Amino acid sequence: MTSLLWLRRDLRRRDHPALLSARGETPGTDVAVVFVLDPALWSRSGAVRRAWVAASLRAAREEYDDRLAVRVGNPREALPAVVSEVGAASVHVSRETTPFGVRRDADVSEALAAAGARWVESGTPYAVGPGLVRNGTGDPYKVFTPFARAWREHGWAAPAANPRRLDLVDLASDDEGERLLDEALAEDDLPALPDAGERAALARWRTFLDQDLAAYDQARDRPDLDGTSQLSAYLKVGAVHPRTLLADLEDETAPGAARFVTELAWREFYADVLWHRPDSAWRDLRPQLAGLSYDEPQDAVAAWRSGHTGYPFVDAGMRQLLATGWMHNRLRMITASFLTKDLHVWWPVGARWFLDHLIDGDVASNNHGWQWVAGTGTDAAPYFRVFSPVRQGERFDPDGDYVRRWVPELAHLPGPAVHQPWAHPEGYTHGYPRRIVDHAEERVEALRRYETGRSATS
């Protein structure tokens, strides 16, 4: 008997319920493993995202003894073809939870049923599947804190066992799939990507546990320090499952451990919100600001994208994104606030840019994070919270080391002076751009628009 494991956001071999399901309860089932590269999605992804997926696939192939096949095509057509090729009686997947993934899987499962193959879903990319945590009336949570409390009380399963024996089918990739992976990894101007794959993810996790977890609650907001786990890109492709991380934290008592669990809860919360409100992927979650007016300042958006706004903390974050495919979370909030509150641009413009350039770009976390900043999402705080890029820089990069790392035009300025080059006599001597807007003025304008937009919908 043969079963087919279709990998998507679960590019690993350990702690993999769908793999266990594909192998079956008794030895003797052959397992074919495939990843279907959909050209329609591939062509719309940014170069950095394609490269990270390609690197993660190549690393996952090693975990599957070089028997992970990459096929190109619409999954509705490609999967039945593979089923016929290997004689699979069933197709096993991790349940998808994004709006696109749910629609796609419904189509594919229908096509597979017509081909005579069973569709079997096991697990999700989350510790607790979206939709499972509800309040006392059976409704989904709309605010993070009560969700996180209920999420902890709900609990999660232990990591899935690793199969002692796995009989893998020698299923070949098609030439087009290998060509697309090669091209993705050979793109010009790619940032230096971290090591990909499950082994790299677990190695990074062990380093974080040993060196950074204890101080995580204090260091996580400091982009000038190496205080974050750097696991988000691995979680994105499923090179490691959050259940694995939570199991290792079960007996940890340090404040840093509790804070890290809270950050995982944020990821699960946003996935839950998207599950219940699939329209919120690209539309305002809350309708209260439907009347808000927005601008389309092309030159200003271009300056924001390239890190040339004249605000050092903002520019450092945007340049880190372009150089590495990743941005510190504190900077994600600051740069998002600048685009939405200082430039008055609707949040999907920034969310799309982030998704194209982040190796950890996840539609639920990314887009609802943007809405949190824009004031259209789950946060109870209203639109009139406007981050000051100067004060944020002085607080979270007090010595200016982060700015000097990513904005070399300001490397000559001492200490926190880098956050206000306009106040230093040599602030512009090395070519750093002047401010494209006045933050104080734009804050007033943002508040005016808030009042007007709120009145229009009341």
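Is D401 buried, partly exposed or exposed? In this predicted model, D401 has a relative accessibility of 37%, so D401 counts as partly exposed. Its salt-bridge partner is R404, with N and O 3.0 Å apart. R404 turns out to be buried, at a relative accessible area of 19%, which sits under the 20% cut-off for that label. Both residues belong to helix α19 (residues 401-406), and because they are 3 residues apart there, about one helical turn separates them.

Across the whole structure, a search turns up 32 salt bridges. One of them pairs R13 with D65, whose closest N and O atoms are 3.6 Å apart. This pair ties together distant parts of the chain, 52 residues apart: R13 sits in the loop between β1 (2-7) and α1 (17-23), while D65 sits in the loop between α3 (47-63) and β3 (68-72). R13 counts as buried, with 18% relative accessibility, whereas D65 is partly exposed at 43%.

Then there is the surface charge. D248, E250, D251 and E252 gather there in a negative patch. D248 is part of helix α11 (residues 242-248), and its relative accessibility of 40% makes D248 partly exposed.

Conventions:
Residues numbered from 1 in each chain as written. Predicted model: local features only at pLDDT ≥ 70, side-chain atom pairs only at ≥ 80, totals over all residues. Heavy atoms only, no water. Patch = residues over 30% accessible without salt bridge, like charges linked within 9 Å, V, L, I, M, F, W, Y side chains within 5 Å. Areas by Shrake-Rupley, 256 points an atom, 1.4 Å probe, with all protein chains shown as cover. Salt bridge = Lys/Arg side-chain N within 4 Å of Asp/Glu carboxyl O. Lys, Arg positive; Asp, Glu negative; His and termini not counted. Charge placed at Lys NZ, Arg CZ, Asp CG, Glu CD. Helix = DSSP H or I, 4+ residues; strand = E, 2+ residues; numbered from the N terminus. Buried < 20%, exposed > 50% of the residue type's maximum accessible area, 1.4 Å probe, protein only.
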